[in-house]
Amino acid sequence: MSRRDGGTGPSQEGCSRSALDGWEMGAFTRSAFVVKKMNNAQPNWLRVGLAFSTSAALWAFLIKQHNEDVMEYERRNKRGHKCTGCS
Amino acid sequence: MAFLPDESRSLPPPPLLNKGSVWLGFVGWLSALLDNAYNHRPVFRSGVHRQVLFATLGCFVGYQLVKRAEYMHAKVDRELFEYVRHHPVDFQAKTG
């Protein structure tokens, strides 16, 4: 978010700032303790790589789990048995 | 109770892209787009890694939730049919 007042005060800036300062100076990123100027022009390649690899891992896990579920369902129901031992 | 007990695997698994996983994947993608909008970035063209990650997370969570919902519905159905089976007097078909 581009608010600079910690979120609790009113949204007006101090009297020495114009209303355009937020747009001229760009957006900010903040945690509870530090405020840094965001630079969206240079990607953080580590985070990009982590995001894509996490997504790939999640899809692989999901597809594997789905195939295992299908095989397990077919295994349990192929004989049409009604036992409650394995279900 | 476990999120997905072992007997839930006796149910036919839902397709990978079911209404829960597609909808939550779309919600995840939308939240990535909203994040772009709130941070004054181009909405669709920026943060593709973020859009992909959030959509993936949504699909994943949606799939697990749909499996859990189908298990809960099947469990309730089983209990219902067991009750009907044990109380046939109450469930006679109307004659005459």
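Mentor: Let's start with a term: a salt bridge is a side-chain nitrogen of Lys or Arg within 4 Å of a carboxyl oxygen of Asp or Glu. This is a predicted model, where local features need pLDDT of at least 70 and side-chain atom pairs count only at pLDDT 80 or more, while totals for chains, interfaces and linings use all residues. Residues are numbered from 1 along each chain as its sequence is written, chains are lettered from A and ligands numbered from 1 in the order in which they are written, and side-chain values use heavy atoms, with hydrogens and water left out.

Trainee: OK, how many salt bridges are there over all chains?

Mentor: Eleven by that rule. In one of them, Asp69(A) pairs with Lys67(B), and the closest N and O atoms are 2.6 Å apart.

Trainee: Why does that pair join two chains?

Mentor: Because Asp69(A) lies in helix H2 of chain A and Lys67(B) in helix H2 (residues 48-86) of chain B. Helices (H or I, at least four residues) and strands (E, at least two) are DSSP runs, numbered from the N terminus.

Trainee: Is Asp69(A) buried or exposed?

Mentor: Buried, with a relative accessible area of 9%. Lys67(B) is buried too, at 12%. Buried means under 20% relative accessible area, exposed over 50%, and partly exposed in between (1.4 Å probe, protein chains only).

Trainee: What else is Asp69(A) in contact with?

Mentor: Leaving aside neighbours within four places in sequence, Asp69(A) also touches Arg9(B), Pro13(B) and Tyr63(B). Contact means heavy atoms within 4.5 Å.

Trainee: Which residue does Glu72(A) meet in a salt bridge?

Mentor: Arg76(A), at 2.7 Å from N to O. Both sit in helix H2 of chain A, four residues apart, about one turn of the helix. Glu72(A) and Arg76(A) are also part of a salt-bridge network with Arg75(A) and Asp6(B).

Trainee: New topic: what pattern does chain A follow along the sequence?

Mentor: It reads α-β-β-α, with two helices and two strands. Of the 87 residues of chain A, 15% count as buried.

Trainee: Which residues form the nonpolar patch on the surface?

Mentor: Trp59(A), Ile63(A), Leu17(B) and Val22(B), with about 350 Å² of accessible area together. Patches take residues with over 30% relative accessible area and no salt bridge, joining like charges within 9 Å and nonpolar side chains (Val, Leu, Ile, Met, Phe, Trp, Tyr) within 5 Å. Accessible areas come from the Shrake-Rupley method with a 1.4 Å probe; for residues, only the protein chains shown count as cover.

Trainee: Where is Ile63(A) found?

Mentor: In helix H2 (residues 45-77) of chain A. At 37% relative accessibility, Ile63(A) counts as partly exposed.
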